[in-house]
Amino acid sequence: MTVIEGSIALVTGGRRGLGKAFVEELLRRGAAKVYATARKPVPSEDGRVEVLALDVTDDASVAALAERAQDVDLVFNNAGVLHPAPLLTADLRLVRDTFETNVLGPLRIAQAFAPVLAARGGGALVDLHSLLSWAAGAGAYGASKAALWSLTNSLRLELAAQGTQVVGVHLGFADTEMVAAIPVPKLAPADVARIVLDGVERGDAEVLVDDATRAIKAALSGPVEGLAVPIRR
């Protein structure tokens with residue numbers, strides 16, 4: 001179980017969308033400070049928020065962030081990209097970028113901040129997945145989230161000895177700029193942040209945010225044909 005009140009948190013991609021909602025909810029629950037990253041940082045008007053530059057695809061950028069934020073108790077791997085395209089016609093450069101950002105990016109952050117969390121007593125690492133971690137139909141994006149789910153589950157084992165709580169978060173579609181063009185029901189980012197942080201504070205290993213996600217996970221034991229969520233724009 002992780003205590004948020006009085007803690008110091010890091011949220012990658014923390015200046016918009018779900019990341020911004022996480023920052024706001026952390027502060028609402030009494031976090032003393034939140035580092036919010038962006039590729040092009042713009043200072044926050046809230047003195048409790050320190051905005052730092054980060055490109056999760058760049059080793060040096062991640063190392064510089066870890067050197068700057070040595071006082072972090074909670075790390076939220078939220079930054080990600082979505083390049084919608086069928087796999088058979090996808091631009092492979094965009095597929096590589098998807099995996100570089102959505103899979104290797106969170107792994108870079110985990111490697112860089114594991115020693116920081118250990119020095120702070122364990123803390124928590126929160127990885128943002130998707131119901132598309134388990135469902136077909138989202139091309140490279142879904143494949144990248146499936147890979148991140150596997151990484152998270154292994155990181156949970158590797159970080160257990162240092163007392164780090166590793167939380168995998170799965171949800172459907174939040175109402176953010178990233179999925180604005182996809183005509184599906186969407187969750188309010190503030191509601192997602194509240195549900196996720198409830199789970200972090202309970203000590204959960206996995207948070208399934210909505211009914212759609214719970215239904216998809218329940219279908220994993222059934223025929224593979226039941227694991228399809230075609231994404232149309």
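Does phenylalanine 76 count as buried or exposed, and at what relative accessibility? Phenylalanine 76 counts as buried, because its relative accessibility is 0%; buried means under 20% relative accessible area, exposed over 50% and partly exposed in between, with a 1.4 Å probe and protein chains only.

The model is predicted: local features need pLDDT of at least 70, side-chain atom pairs count only at pLDDT 80 or more, and totals for chains, interfaces and linings use all residues. Residues are numbered from 1 along each chain as its sequence is written, and side-chain values use heavy atoms, without hydrogens and water.

**Sheet**

Seven strands make up an open, parallel sheet in the order β3-β2-β1-β4-β5-β6-β7. Its edge strands, β3 (49–53) and β7 (206–208), each pair on one side only. On average, neighbouring strands are turned by 15° against each other, direction ignored. Strands (E, at least two residues) and helices (H or I, at least four) are DSSP runs numbered from the N terminus, and two strands pair if DSSP finds at least two bridges between them. Strands β1 (residues 8–11) and β4 (residues 74–77) pair in the parallel sense over three bridges; leucine 10 has valine 75 as its bridge partner in β4.

Helix α2 (residues 59–68) lies across β1, β2 (33–38) and β3, and runs at about 150° to β3. Axes are lines fitted to C-alpha atoms, for helices over the stretch in contact, and angles run from 0 to 180 degrees between N-to-C directions. Contact means heavy atoms within 4.5 Å.

**Aromatic pairs**

The structure holds two aromatic pairs. Rings of Phe, Tyr and Trp (its six-membered ring) pair if their centres lie within 6.5 Å; planes under 30 degrees apart count as stacked, over 60 as edge-to-face and the rest as tilted.

| Pair | Centre to centre | Angle between planes | Class |
|---|---|---|---|
| Phenylalanine 22, phenylalanine 76 | 5.3 Å | 35° | tilted |
| Tryptophan 134, tryptophan 149 | 5.5 Å | 85° | edge-to-face |

Phenylalanine 22 is in helix α1 (residues 17–28) and phenylalanine 76 in strand β4, so their pair ties together parts 54 residues apart in sequence. Tryptophan 134 counts as buried at 7% relative accessibility, whereas tryptophan 149 counts as partly exposed at 24%.

**Nonpolar cores**

A nonpolar core is a set of buried Ala, Val, Leu, Ile, Met, Phe, Trp, Tyr and Cys residues joined through side-chain atoms within 4.5 Å. The largest has 29 residues, of which Leu26 and Val169 touch the most other members. Helix α1 gives the most to this core, with six residues. A second, separate core of 23 residues includes Leu52, Leu65, Val116 and Val166.
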